[in-house]
Amino acid sequence: MKGKRIFTVLLSLLLIGLWGSAATAAETYPAKPVTIVVPFAAGGAVDVTIRIIAEEAEKDLGQKILVVNKPGAGAAEGQGFVARANPDGYTLLAMTSSVVTNTLTKKVDFTIDSFAPITLYCFDPEVLYVNASTPFKSLEDLIAAGKKGVVTNATHGHSTSHHIASMLMEEKAGIKFKYVHTKGATEQVPMIAGGHVQSGLGAYGEARSMVDQGKLRLLGVMSEERDPRIPNVPTFKEKGYPMLYGAWRGISGPKGLSPEILDRLTKAFKAALDKKEVKEKFAKADYPIMYKGPKEFAAYLKADFESNKQILSQLK
């Protein structure tokens with residue numbers, strides 16, 4: 001009986017100690033640099049936008065934010081790395097819609113529930129661009145060619161949102177693409193601009209410089225209405241193909257982040273996105289800001305999963 005009492009007391013002390021150390025860790029967070037893993041090669045939309053946010057948010061956190069690129073397997077390598085990380089707030093993920101498509105199309109060791117959504121900060125409708133030397137002057141031209149033969153298409157990686165958008169286009173327009181999968185926009189865009197591949201879908205901000213140089217031509221955008229950044233580019237919908245699709249970008253941690261750390265990060269990232277300098281940098285780079293906090297982001301993530309699940313079931 002006495003031994004049982006001693007065990008109970010020791011267990012209580014241990015639990016109190018663990019709770020106390022966890023509380024202290026949350027109060028002093030962050031006590032060292034925070035790492036954000038970008039699961040794509042450097043220079044693409046995810047990399048550029050995360051670095052803009054990190055530069056401002058680290059001022060609020062009082063610690064450096066290290067942006068580390070871990071491309072591979074269509075972003076699944078970096079995503080899996082963060083999913084398996086300790087949920088102490090020091091390893092975060094530059095999360096994109098590829099988390100959803102990867103869980104639906106690949107054998108990966110994570111699900112959407114493996115992550116703790118923190119901040120959704122951007123949504124970009126898919127834009128179709130082609131090498132300017134191709135005979136495709138309009139969306140109709142490319143579709144007509146795709147019905148007669150095969151059109152080559154470069155993606156940001158297998159199962160990324162841009163790949164799914166291309167698959168959706170194949171299904172809805174009745175065409176066929178021959179795919180070349182890359183590690184991200186920094187490989188995909190130059191490949192198309194250089195004439196190695198005819199077409200691709202992606203974010204306008206990633207292709208803009210090549211469009212401005214006359215090396216790429218924009219044929220259509222997968223949005224409800226014309227994008228104000230490119231008002232002369234028609235929507236797929238107005239051309240008779242009602243395809244609404246795009247890539248979202250956010251920041252998450254591994255499942256299990258404490259409420260205190262989640263709140264600290266949410267406030268820091270929201271404050272950064274509210275800064276005039278950050279808004280100007282996003283606008284200059286042509287990346288539209290769309291903010292959602294943890295709860296709204298979690299709901300958005302689940303809805304996107306169900307939507308993509310339905311799309312992919314129709315494409316099989």
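**Exercise 1. Determine how many residues line the largest cavity and which of them lie nearest its centre.**

*Solution.* Step 1: the lining comprises 19 residues, and F40, V46, H156, H162 and E206 lie nearest the centre. A cavity is a set of points on a 1 Å grid over the protein atoms alone where a 1.4 Å probe fits but cannot get out, and a lining residue has an atom within 4 Å of a point. This is a predicted model, in which local features need pLDDT of at least 70 and side-chain atom pairs count only at pLDDT 80 or more, whereas totals for chains, interfaces and linings use all residues. Residues are numbered from 1 along each chain as its sequence is written, and side-chain values use heavy atoms, with hydrogens and water left out.

Step 1: the elements α2 (45-61), α6 (161-173), α7 (185-193) and β10 (246-254) each supply at least two lining residues; helices (H or I, at least four residues) and strands (E, at least two) are DSSP runs, numbered from the N terminus. The greatest contribution, three residues, comes from α2.

**Exercise 2. Identify which residues touch the most other members of the largest nonpolar core, and which element gives the most to this core.**

*Solution.* Step 1: the core has 35 residues, and I50 and F269 touch the most other members. A nonpolar core is a set of buried Ala, Val, Leu, Ile, Met, Phe, Trp, Tyr and Cys residues joined through side-chain atoms within 4.5 Å; buried means under 20% relative accessible area, exposed over 50%, and partly exposed in between (1.4 Å probe, protein chains only).

Step 1: helix α2 gives the most to this core, namely eight residues.

Step 2: not counting residues up to four places away in sequence, I50 touches I36, V38, V67, A94, Y121, G250 and I251, where contact means heavy atoms within 4.5 Å.

Note on methods:
1 Å grid on protein atoms, 1.4 Å probe; cavity = no way out; pocket = protein on both sides within 12 Å on 5 of 7 lines; lining within 4 Å.
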